[in-house]
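Here are my notes on the two-chain model, point by point. Have it open while you read.

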Amino acid sequence: MTMDEEHEGIAAEYALGTLDADERAQADAMLLVDPEFAAEVARWERRLGELNVLVAPVEPPAPVWEKIRAGVAEAAPAEPMRLPEVSAPAVAAGPGEPSAEIIDLTQRMRRWRGLTVMSGALAACLVGIVVAREYRPDVLPADWRPKQQMVEKVVEKPVEVVREVVREVPAAQPAQYVAVFQKDEQSPSFVMSVDIEKRTVTVRQVAAERFADKTYQLWIATQPGAAPQSLGVLGGDDFTVRAALTSYEPAVINNATFGISLEPLGGSPTGQPTSPAIHAKLLQVTPR
Amino acid sequence: MLTPAELVWLMAAVAKGDQAAFERLYAATRAKLYGVALRILRRADLADEVMQETYLKIWHNAGTFDPKLASPITWMVAIARNRSLDLIRKKGETSIEDEPAAMEAAGEEQNPLARREMTEQLRRLLICLGQLEEDRRRMVLLAYYSGWSRDQLAAKFDAPANTIKTWLRRSLLEIRECLGS
């Protein structure tokens, strides 16, 4: 086990159920991109899950089954969607057993390395697919063989799907946005989630190397080519939460490019990144 | 309730798209999952909603279930609980309800029903829960069964939410060490 105490604590509390809505959304994003975290959550769900034996059964009303059956009939035949170079059954893997799925996704990401797309877009696309599968796996195309130039469509489609689902869900709540920063295609270095309503960002350091004498700094570029503005230095902890976006409009945040660079302790002395930054854009992961 | 082996067989059939098996799986597990969801949500309309989401997810994801890693009912309950918790957290409901009766089973007297259904794993878990201080144990059980957040626990136990967080995590670590896994 290489996870630190904070990860383990969050995984355990996720399984126990004591995280608040923001923390759960953050953990859900981590489940999608961080196999180790997903495995830890799965272990905790098994440890605590035995308690269900003591819950008294309650018969649900009959119409519940009618609705489930109608939902299944609508989805059937549940043809597994197909992704490039992978046989269909493997792709039918869903998020029920997070660890297995994430490992599967990670392997698929490696296979995709040949595609000449930005790694950020690739990760966003993966997250999008998983989100769509989470909400409405049935709406994904049955025979889906994306070509390189289809990546844009791949990213957009799940977002539409999620919006479509929103109309059926009565509870309105702020949308969650996630960005995945990757140095290479194999593993995310940072996962950032943004609460557009509160204008806060939460950055989780996943696989990025740690340095005693350096620090990571978060940047925002509101337009292509615009000089990046600092959103602050990331803390030494795995989680850094900041109300850093208060001076940015939601539409600007939504379209901005975010960057993370390695800087001297205390942050960049020049006000601009002094090392190459890794970039990512936001992807909506929960319905608005 | 069917035996775990029967449930595993049903899950495998459901993974292949067998709708009759899915109906049997529903019949065998619906009351448990509804009980779990209702206890957290405390509202039948919300529990109905969660049941639909949960079983559709089970239908789509049965293929990912691995009997080596979890029992079918634990896997299904985890889905129902996560759906319920997502819903209740988003609704931001903070009502504090009665404590779950099932928590009495932890550490002390077990009711006859529980003893009959008790697995070795549950027995070990209850022993470990029984080793926690009483307040800590109640917190863990209120969180698991009733879906209480740190804030709700903070109000109930008259302690800052951060302290609750520390206690919860310490308790969970103690449980893990006690279980030895």
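1. Chain B, overall. Among contacts in chain B between residues at least 6 apart in sequence, 64% join residues at least 24 apart; two residues are in contact if their C-beta atoms, placed from the backbone, lie within 7 Å. Helices (H or I, at least four residues) and strands (E, at least two) are DSSP runs, numbered from the N terminus. Of its 181 residues, 48% count as buried, where buried means 20 or more other C-beta atoms within 10 Å of the residue's own, exposed means 12 or fewer, and partly exposed is in between, again with C-beta atoms placed from the backbone.

2. What you're looking at. This is a predicted model: local features need pLDDT of at least 70 and side-chain atom pairs count only at pLDDT 80 or more, while totals for chains, interfaces and linings use all residues. Residues are numbered from 1 along each chain as its sequence is written, and chains are lettered from A and ligands numbered from 1 in the order in which they are written.

3. Confidence. The model scores ipTM 0.88 and pTM 0.57. Chain B averages a pLDDT of 86, with 84% of the residues at 70 or above; pLDDT is the predictor's confidence in each residue, from 0 to 100. Over residues 98-114 of chain B the pLDDT is below 50, though this stretch has 30 contacts in the model beyond near neighbours in sequence. Where pLDDT is low, the predicted coordinates should not be read in detail.

4. Chain A, overall. Chain A has nine helices and nine strands. Of its 288 residues, 44% count as buried. Take the contacts in chain A with a separation of 6 or more: residues 24 or more positions apart account for 66% of them.

5. Helix H1 of chain A. The geometry checks out: at 1.5 Å a residue, the twelve residues of H1(A) (residues 5-16) should span 16 Å, and the end C-alpha atoms are 16 Å apart, which agrees. The expected span is 1.5 Å times one less than the number of residues. Buried residues of H1(A) include His7(A), Ile10(A), Glu13(A) and Leu16(A). What do the buried residues of H1(A) pack against? Their partners are helix H2 (21-33) and helix H3 (35-49) of chain A, together with helix H7 (134-146) and helix H9 (161-179) of chain B.

6. The core. The largest nonpolar core has 111 residues, of which Met192(A) and Ala37(B) touch the most other members. Such a core is a set of buried Ala, Val, Leu, Ile, Met, Phe, Trp, Tyr and Cys residues joined through C-beta atoms within 7 Å. Leaving aside neighbours within four places in sequence, the contacts of Met192(A) include Val178(A), Phe181(A), Val201(A) and Phe258(A).

7. Val50(B). This residue sits in helix H3 (residues 44-61) of chain B. Val50(B) counts as buried because it has 28 C-beta neighbours inside 10 Å. Beyond four places in sequence, Val50(B) is in contact with Ala37(B), Leu41(B), Ala80(B), Arg83(B), Ser84(B) and Leu87(B).

8. Strands in chain A. Strand S4 (residues 214-221) and strand S7 (residues 257-264) of chain A run antiparallel, joined by eight bridges; strands pair if DSSP finds at least two bridges between them. Lys214(A) stands opposite Pro264(A) in S7(A).

9. Arg42(B), not a glycine, has a positive phi of about 60°. Arg42(B) counts as partly exposed, with 15 C-beta neighbours inside 10 Å.
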